[in-house]
Amino acid sequence: MSQKTMEVVKNLDIKRYMGRWYEIASFPSRFQPRNGVNTRATYTLNEDGTVHVLNETFTDGKRGFIEGTAYKADPQSDEAKLKVKFYVPPFLPIIPIVGDYWVLHLDDDYQYALIGQPSRNYLWVLCRQTHMDDEIYNQLVQKAKDEGYDVSKLQKTPQSDPPPEGDDTPKDSKGIWWIKSLLGM
């Protein structure tokens, strides 16, 4: 069965998109810790126009994280189709790994976003706050369904309020699951 072309956001204001986003829900990855909580991403604009990516999750009180770089897949396009490049392993940057990051929906105030990939195997619901209104969440889920995603796989990510401060928590450098999750492996 051929699926329709996925609609993505156009004319993304990258500066407004920067900052911290909390993972409200995602498709589980067998490489992601099942008990990972307070998962979040922080984006910072680099001078060259690329984006520094910091992904964090907390498992048993320990902070796991990995850093990478995001950039437009096609600099001439107005579509919000980004590539994210990480290095494996995170503590010894040797092998670059690249995954897709497509912004499928974004509200006008840049407060919540729906992120997918062309494979439709991975999906993220992100929000500026640790909790999202059910009505908005359901709208994003419906949008994902309309784009051909199997939304029955979505699992909510536990978020504490207030969220933990990353620098004050014990480190866990495994972080490899971020990579494999992004690659759709």
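How many salt bridges does the count come to? The count is seven, where a salt bridge is a side-chain nitrogen of Lys or Arg within 4 Å of a carboxyl oxygen of Asp or Glu.

## About the model

This is a predicted model, in which local features need pLDDT of at least 70 and side-chain atom pairs count only at pLDDT 80 or more, while totals for chains, interfaces and linings use all residues. Residues are numbered from 1 along each chain as its sequence is written, and side-chain values use heavy atoms, leaving out hydrogens and water.

## Salt bridges

Let's start with Glu 79, which forms a salt bridge with Lys 10, with 3.8 Å between the closest N and O atoms. This pair links distant parts of the chain, 69 residues apart: Glu 79 sits in the loop between β4 (62-72) and β5 (81-88), and Lys 10 in the segment before α1. Helices (H or I, at least four residues) and strands (E, at least two) are DSSP runs, numbered from the N terminus. Glu 79 also forms a salt bridge with Lys 81, with the closest N and O atoms 3.3 Å apart. Glu 79 is partly exposed at 22% relative accessibility; buried means under 20% relative accessible area, exposed over 50%, and partly exposed in between (1.4 Å probe, protein chains only).

Elsewhere, Glu 147 and Lys 143 meet through their side chains in a salt bridge (3.2 Å, N to O). Salt bridges that share partners also join Arg 20, Arg 40, Glu 56 and Arg 63 into one network.

Strand β8 is mostly covered, with five of its five residues buried. Leu 123, Val 125 and Cys 127 point one way from the strand, and Trp 124 and Leu 126 the other way.

Two strands pair if DSSP finds at least two bridges between them. β8 runs antiparallel to β1 (residues 19-26) over four bridges, and Leu 126 is the bridge partner of Glu 23. Five bridges join β8 to β7 (residues 112-116), also in the antiparallel sense, and here Leu 114 has Val 125 as its bridge partner. β7 and β8 form a hairpin with six residues between them, and Arg 120 in the turn has a positive phi of about 65°.

## Two threonines

Thr 5 lies in the segment before α1 (14-17) and counts as exposed because its relative accessible area is 68%. Leaving out residues up to four places away in sequence, Thr 5 touches Arg 120 and Glu 147, where contact means heavy atoms within 4.5 Å.

Thr 130, in the loop between β8 (123-127) and α2 (134-146), is buried at 8% relative accessibility.
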